[in-house]
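Open your viewer and get your selection tool ready. We will walk through one model stop by stop, with something to select at each.

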Amino acid sequence: MAIHERGTKWRRARIGLYVVATAYALVSLLPFIWSLYTSLKPTSEVFQLLVPWHTLTVSSYASILHDFPFARWFVNSLVVAVIVTVGNLVVNTFAGYAFARLKFPLRGFLFYLFLGIMMIPGQVVLVPIYIILVNLGWINSYAGLTIPFLLSSTMVFLSRQFFLGIPKELEEAARIDGVGHWGMFFRIMLPLSKPLLAAQTILTFQGNWNSFLWPLLIGQTTSMYTLPVGLNSFYGQYNAYWNSVMAGMLLLTVPMMIIFVIFQRQFVQGVASAGLKG
Amino acid sequence: MAVSVQPSRVWRYRWRRSDVDQALAGYLFILPALVELFVFLLGPIVYAFVVSFKHFSYLDPLDAHFIGLTNYIHLFQDPVFLRALWNTTVYALVVVPVQTALALFLAVVVNRIRGKTVFRVIYYLPSITSTVGVAVIFGFLFQPNGLLNRLLFLTLHIQGPDYFNSPVFALPAIMVVAIWTTAGQFMIIYLAALQDIPTELYEAAAIDGAQGWQTLLSVTVPMLKRTTFLVMVLGMIGAFQVFDLVYVISGNSSLPQQDTMTVVLDLFEKGFRTMQMGYASAMGFVLFAIILLLTLIQQLFLGREDS
């Protein structure tokens, strides 16, 4: 009888868990669904809770793509995020490998320098980097939006941890076969580091795609806005047109969601390892 | 003995050459990172530190001159900065514990049921969403006649406020949005940590007669102490740097900016709207000091735990 009692109790508890989990799933999803619904309503009807199905329209999407430079902002965001991601992959993975597997003078000191930098908030260098970019003539340019952001100390650290975990025997065997330092990295280590590269790609792309403060500062004319900056400016001027604002918001967020759903395992591993080891 | 000396000498000679090779390769591999580090981080930090002791405006660079600690002293007499510091502290002290508790709660719930992956994806969606996007979404939901107030009226017959334009509700509403955004991210960290708790512990607890809540409090929570600490510190560091959300929301609010002013927003305004760049740099270092303090507290506690 005791066992039976525990069984029903457990079943009831499990149903409770599902109810709670589903309720929070709604909290998580409803704002997005509501925004999607709003983007399809005619401008005059955005504050109607429900509108007849046949009045739903995609005209707000046509409007933001046709009458406003959302397409340009989308391309800017994409170009910047791709360059920054590729650059980070090279810069951080190279550095992480060197710190893990190559001996050179000052290695320890330099590594601690990178670690120490991790603690400094980016906002500290807002003013100096702005001045540097002005002097280089990089304000309002792709160079300004990308080149200062190719290093992530956190990713250098994660890469180092990853390469430290690859067995030494593998390296020794390759060395006996006459593989040099470059070959070692490109032919032996790189093929083994797919999980590292995947996590890094996804986290860097996401961070840059959503980045706001720096592009706000660096992109100064409409044609050099990235999507978040463009959306903010559109929102400021046309916030009566909630359907168009929401269409723009979805243009910004849906691509990231698609990438996330496809690569969610790598996302989760990346966040967990950056969080737990960092 | 004599036999073993000879090969080791040859060995040593060979190693010297390859040591140089290796050092060269090492420097080549870290070169891009070093250039980035010196040009876009270390150099600027030193520059910012120097500028923080100067009166310096980008508009009038010739007028720049050292004023010692004046910027720092002035900061702590500046009502706008003090308000920003107060708002940010309150924000951090509310957001961090709530989002941590919510993240732990969600992780424990999701860990025990089927469809873990689906729930994990859904809960994490707000975290991958651009903060500007999130600000826009809630800008609409929190309208006086937006979805939240309509639902409140339909279910409880309460007339909700105009959240982001109310001096009382604006900051709390921003906190709610922040919690909604980050809870999923920390849930992921908790979920990963939950997998590391040995099942023997749960079995032992079950044998001792622990059930449901008891197991949670006597096994799960203590075993996750380290993770909780990490999540709190990461959350604190993030909270003190809050910018995007308040920038977009306060930029579209009729409230005086002070009501939702935060440290980084103030830094941005002083540095690039009124061009008081020395002053803004000093603010950056105060922020750095706060974050350093939080990190040191983390190191201190976790270090003690390890030893």
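The tour goes from the whole of one chain to its parts, then across to its partner.

Before selecting anything, note that this is a predicted model, where local features need pLDDT of at least 70, side-chain atom pairs count only at pLDDT 80 or more, and totals for chains, interfaces and linings use all residues. Residues are numbered from 1 along each chain as its sequence is written, while chains are lettered from A and ligands numbered from 1 in the order in which they are written.

**Stop 1: chain B as a whole.** Select chain B and show its C-alpha trace, which spans about 95 × 75 × 30 Å along its principal axes. The radius of gyration of chain B is 26 Å, whereas a compact globule of 307 residues would have one near 19 Å; this radius is taken over C-alpha atoms, and the globule rule is 2.2 Å times the number of residues to the power 0.38. Switch to cartoon and you can look for 13 helices and two strands. These are DSSP runs numbered from the N terminus, helices being H or I with at least four residues and strands E with at least two.

**Stop 2: the two domains.** Colour residues 2-36 of chain B as domain 1 and 72-306 as domain 2; such bounds come from an automatic or database domain assignment. How many Å separate the centres of domain 1 and domain 2 of chain B? The answer is 48 Å, taken over C-alpha atoms.

**Stop 3: the core.** Now select A103(B), V136(B), I174(B), M187(B), Y190(B), L245(B) and M283(B), the residues with the most contacts inside the largest nonpolar core, which has 155 residues. A nonpolar core here is a set of buried Ala, Val, Leu, Ile, Met, Phe, Trp, Tyr and Cys residues joined through C-beta atoms within 7 Å. Helix α7 (residues 170-195) of chain B gives the most to this core, with 17 residues. Zoom in on A103(B): leaving out residues up to four places away in sequence, A103(B) touches A183(B), F186(B), M187(B), Y190(B) and V231(B). Contact means that the C-beta atoms, placed from the backbone, lie within 7 Å.

Staying in helix α7 of chain B, pick I189(B). Is I189(B) buried or exposed? I189(B) counts as buried because it has 26 C-beta neighbours inside 10 Å; the cut-offs are 20 or more other C-beta atoms within 10 Å for buried, 12 or fewer for exposed, and partly exposed in between.

**Stop 4: helix α10.** Among the buried residues of α10(B) are T227(B), L230(B) and F240(B).

Stop 5: Most residues other than glycine have a negative phi. H157(B), however, has a positive phi of about 55°, and lies in the loop between α6 (147-156) and α7 of chain B. M275(B) also has a positive phi, of about 60°, and sits in the loop between α12 (263-272) and α13 (277-306) of chain B.

**Stop 6: across to chain A.** Finally, show both chains: the contact takes 75 residues from chain A and 73 residues from chain B. On the chain A side, helix α1 (residues 2-40) supplies the largest share, 15 residues.

Key. Two residues are in contact if their C-beta atoms, placed from the backbone, lie within 7 Å.
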